[in-house]
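Here are my notes for anyone opening this structure for the first time. Keep the viewer open and follow along point by point.

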Amino acid sequence: MVRAHVLSVRLGAGALALALCTLALPARADDADAPVRVKVERVRPRRETLPTLQFLKANRDFFRSRLDQLREKPLASRDRAGALDPRFLAYRRMIAGVLASSDSTAAIEDARSRRELFASVTDLGRLEAELDEMDRLLAAQRIRLTALQEDFDARQRTTLAVVVSGCPRSGAPDSIAVALEDGARFVAPLSEADRNALAAGGALQIFHGLIEPREQVLAIGLAGGAWAAGDSAFVTLEPPRDRMTFLQLDLSQAGAASGASGLQASTWQRAGVPAPATERPSEP
Amino acid sequence: MFPTRRDVPSGSVARARACGLALALVGLAFATRAHATPPAPFAARAGLDRATVAASVWATDAQLVYLENDEALGDDGTSARWGYLFYSPSLQRARAYSLRGGKIVVAENLEMKFEAPPVPTGWIDSDAALRAADASLGRDYRRDHAARASTMLLTRGTFQDGDPDPATWTVVYTSPNAPSLFVVIDAATGKVSRSWRG
């Protein structure tokens, strides 16, 4: 009787812990950049379907008839050129600066190589001046790189990179196909070198592109070799906006028997680059 | 005869209590996750940015051509869900995004031809548009016919007979006992441009 009571209490405590973990799960998934395991399913998961644009769809004939009557007239003001993004002009100046710096560095190197011996204090002074000049060039280059990082790295777009690793015992497939919910589908053929790389513990990036920032189901298909045609598995992802999301597919547990659903998947996001607190440095 | 509480051995009572507590907690956990506070209603412009980001992934030349409330309208011109329709001239297709709680909950291609002109960026928000419609005819219509504003849609080229160029908000008031009231508002100026019953 006492053992049963203790067991019940343990069960209750276990359930409490389970419940607390269940409550805590969403927060944990949100705040970490560490890989998170993703469920791989054999059947495409069913999702709630909500109606949208009901008025438009109910009155489609009216809208169609009104749109058919429209005729576009080009306006003169629309021919005017818009202002150029000042960043594009800055890039041109940066390239000119880089080329000028290269010339200066080459000239300094040239002069240095012609001198085999510093004969006097004057020569040492000249050398110090050259080192100062190189420091200045390096500082200018650092400013350019900071500007480029702000323009391209700190302003990420919503992208997905799919990485494949591991090699199934039955051999790697000939190709891997990934289909997004918006209809985009890409197929990555695996060459002999790719398969050897996977067998040696390497990883391959098979896709890197834009993806809609919303929860969606990705269909992953393996084909060729021991893999049945049309063998697919499904993974649900919710890529956060303006972040780069990685999806790693580990093929090592997949096999001809288990099919594509035997693969393991994990996801993580690239850490955001904090925007600099100071004003953007100006090009010297 | 059903056993009374006194008939049940004390160990079973403890076990039942523990299991009951566990079930209640698990139920509470799922209930908390599944039925969290409903997403707050928002005015239409609040969801535009996220919808535009998604549309730009679908097509780089995607332009907003239409929007409509996907769930009930509040008296202040907000809704818990709005649908945004984009058209891509290069793809010659339209794709809709429906947003609720700051997330895209529906993304689907529109299975109809809809090459509407793009809506210019400077449009008043749905709350201001509904205020303008209420101030003109809507408030009286609501009072007299137990009506409500059921639909708000922003579009261009469909509701202005004389000059189809400006974008317009159209507010549809529906009543169980009277023909619906349509109020069209210039989306740039907020002025009522026409209205009709039908």
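1. A word on terms before we start: two strands count as paired when DSSP finds at least two bridges between them. By that rule S9(A) and strand S10 (residues 264-269) of chain A are a pair, running antiparallel and joined by six bridges. To find the spot, look for A:Thr245, whose bridge partner in S10(A) is A:Gln269. Bear in mind throughout that this is a predicted model.

2. Now zoom out from that pair. The sheet in chain A is an open one of five strands, ordered S1-S10-S9-S3-S6, and its pairing is mixed. Strand S1 (36-38) and S6 of chain A are the edge strands; each has a single partner strand, so one side of each is left without a neighbour in the sheet. On average, neighbouring strands here are turned by 25° against each other, direction ignored.

3. With strand S6 (residues 203-210) of chain A, S3(A) pairs in the antiparallel sense over seven bridges, and A:Thr159 stands opposite A:Leu210 in S6(A). With strand S9 (residues 244-250) of chain A, S3(A) pairs in the parallel sense, also over seven bridges. There, A:Val163 has A:Gln248 of S9(A) as its bridge partner.

4. A:Leu53 has a positive phi of about 50°, though it is not a glycine. Most residues other than glycine have a negative phi. A:Leu53 sits in the loop between strand S2 (40-41) and helix H2 (54-58) of chain A. Is A:Leu53 buried or exposed? It is buried, because 25 other C-beta atoms lie within 10 Å and the cut-off for buried is 20 or more.

5. On to chain B. Its secondary structure comes to three helices and eight strands, and from the N terminus on the elements run α-α-β-β-β-β-α-β-β-β-β. Of its 198 residues, 39% count as buried. Among the contacts in chain B with a separation of 6 or more, 55% are between residues 24 or more positions apart.

6. Strand S6 (residues 167-175) of chain B and strand S7 (residues 178-186) of chain B are antiparallel partners over seven bridges, with a hairpin of two residues joining S6(B) to S7(B). B:Val171 stands opposite B:Val183 in S7(B). S7(B) then pairs with strand S8 (residues 192-197) of chain B, again in the antiparallel sense, over five bridges. Here B:Phe182 has B:Trp196 as its bridge partner in S8(B). The hairpin of S7(B) and S8(B) has five residues between the strands, and in it B:Gly190 takes a positive phi near 80°.

7. How far does H3(B) span between its end C-alpha atoms? Only 23 Å, whereas a straight helix of 20 residues would span 28 Å. H3(B) also bends by about 70° at B:Ala135. Its buried residues, including B:Leu130, B:Ala133 and B:Tyr141, pack against S5, S6, S7 and S8 of chain B.

8. B:Ala146 is exposed, because 11 other C-beta atoms lie within 10 Å and exposed means 12 or fewer.

9. Finally, the core. The largest nonpolar core has 80 residues, and B:Val65, B:Tyr84, B:Leu85, B:Tyr97 and B:Leu154 touch the most other members. Helix H2 (residues 48-58) of chain B gives the most to this core, with six residues. Leaving aside neighbours within four places in sequence, B:Tyr84 is in contact with residues including B:Leu48, B:Ala51, B:Leu64 and B:Tyr97.

How values were computed:
Residues are numbered from 1 along each chain as its sequence is written. Chains are lettered from A and ligands numbered from 1 in the order in which they are written. This is a predicted model: local features need pLDDT of at least 70, side-chain atom pairs count only at pLDDT 80 or more; totals for chains, interfaces and linings use all residues. Helices (H or I, at least four residues) and strands (E, at least two) are DSSP runs, numbered from the N terminus. A nonpolar core is a set of buried Ala, Val, Leu, Ile, Met, Phe, Trp, Tyr and Cys residues joined through C-beta atoms within 7 Å. Two residues are in contact if their C-beta atoms, placed from the backbone, lie within 7 Å. The expected span of a helix is 1.5 Å times one less than its number of residues. The bend at a residue is the angle between axes fitted to the seven residues ending there and the seven starting there. Axes are lines fitted to C-alpha atoms, for helices over the stretch in contact, and angles run from 0 to 180 degrees between N-to-C directions.
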